[in-house]
Amino acid sequence: TIVPASTTAARILSYSPDGIMLSNGPGNPKDNPAIISELSRLCKSGIPIFGICLGHQLLALANGADTEKLKYGHRGANQPVKDLLTGRDYITSQNHGYAVVSDTVRGGRESYVNANDGSCEGMDYPQAHAFSVQFHPEACSGPRDAGFLFDRFISMMEDDR
């Protein structure tokens, strides 16, 4: 089920979703206070949430973080990202001009960083049953390099059944 960004948390929860995907999109994430407010309600539901790009930024703001405009945006299919858990590097597709200020997030931990400028590229929110990435795993920069993120989301939904 696809819903507009303006859909309330109550309406989304009325569908009894197995999971909630927060998609990418344009612009300054702080320009969306109503969405951020509804997202903070969704974070308390226990339903798995996966945020991508703008979804990553909105999820961070819903968890009390700050975002900032990058001096140089991340654009293109060659942005290096480091997985802080495994140490593995990925070449990713990105198209954004804002980043999460990782040390401002409450209840989360940084999971990925941009290898060029050290900016936040991913967060895990164990208490909210959510995670997010700044890059575009659906763009397949490499041969399905980041497909495991979708497997993780599916696994989270299956574990909740």
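Tutor: Gly 51 stands opposite Ser 132 in strand 7. Keep in mind that this is a predicted model.

Student: How do you know that strand 2 and strand 7 pair?

Tutor: Count the bridges. Pairing needs at least two bridges between the strands. Strand 2 and strand 7 (residues 130-133) have 4, in the parallel sense. So they pair.

Student: What makes strand 1 and strand 2 a pair?

Tutor: The cut-off of at least two bridges applies again. Here 3 bridges join strand 1 to strand 2, and the two run parallel. Within this pairing, Met 21 stands opposite Phe 50 in strand 2.

Student: Which unit do strand 1, helix 2 and strand 2 make?

Tutor: They make a β-α-β unit, and it is right-handed. Why that name? With the strands pointing away from the viewer, a right-handed path from the first strand over the helix to the second runs clockwise.

Student: How do you know that both faces of strand 2 are covered?

Tutor: In a regular strand the side chains alternate between the two faces of the sheet. Now check each side of strand 2 (residues 49-52). Ile 49 and Gly 51 lie on one side, Phe 50 and Ile 52 on the other, and all are buried.

Student: What is Ile 49 in contact with, leaving aside its neighbours within four places in sequence?

Tutor: Its partners include Ile 20, Leu 22, Leu 42, Cys 43, Leu 59 and Phe 153. Contact here means heavy atoms within 4.5 Å. Ile 49 is also among the residues that touch the most other members of the largest nonpolar core, which has 24 residues. The largest share of this core, 6 residues, comes from helix 3.

Student: Why is Cys 43 called buried?

Tutor: Its relative accessible area is 8%. Buried means under 20%. So Cys 43 is buried. Cys 120, at 2%, counts as buried too.

Student: How many disulfides does a search of the whole structure find?

Tutor: It finds 0. A disulfide needs cysteine sulfur atoms within 2.5 Å. For Cys 43, the nearest cysteine sulfur is that of Cys 120, 15 Å away. For Cys 120, the nearest is that of Cys 53, 12 Å away.

Note on methods: Residues are numbered from 1 along each chain as its sequence is written. This is a predicted model: local features need pLDDT of at least 70, side-chain atom pairs count only at pLDDT 80 or more; totals for chains, interfaces and linings use all residues. Side-chain values use heavy atoms; hydrogens and water are left out. A nonpolar core is a set of buried Ala, Val, Leu, Ile, Met, Phe, Trp, Tyr and Cys residues joined through side-chain atoms within 4.5 Å. Buried means under 20% relative accessible area, exposed over 50%, partly exposed in between (1.4 Å probe, protein chains only).
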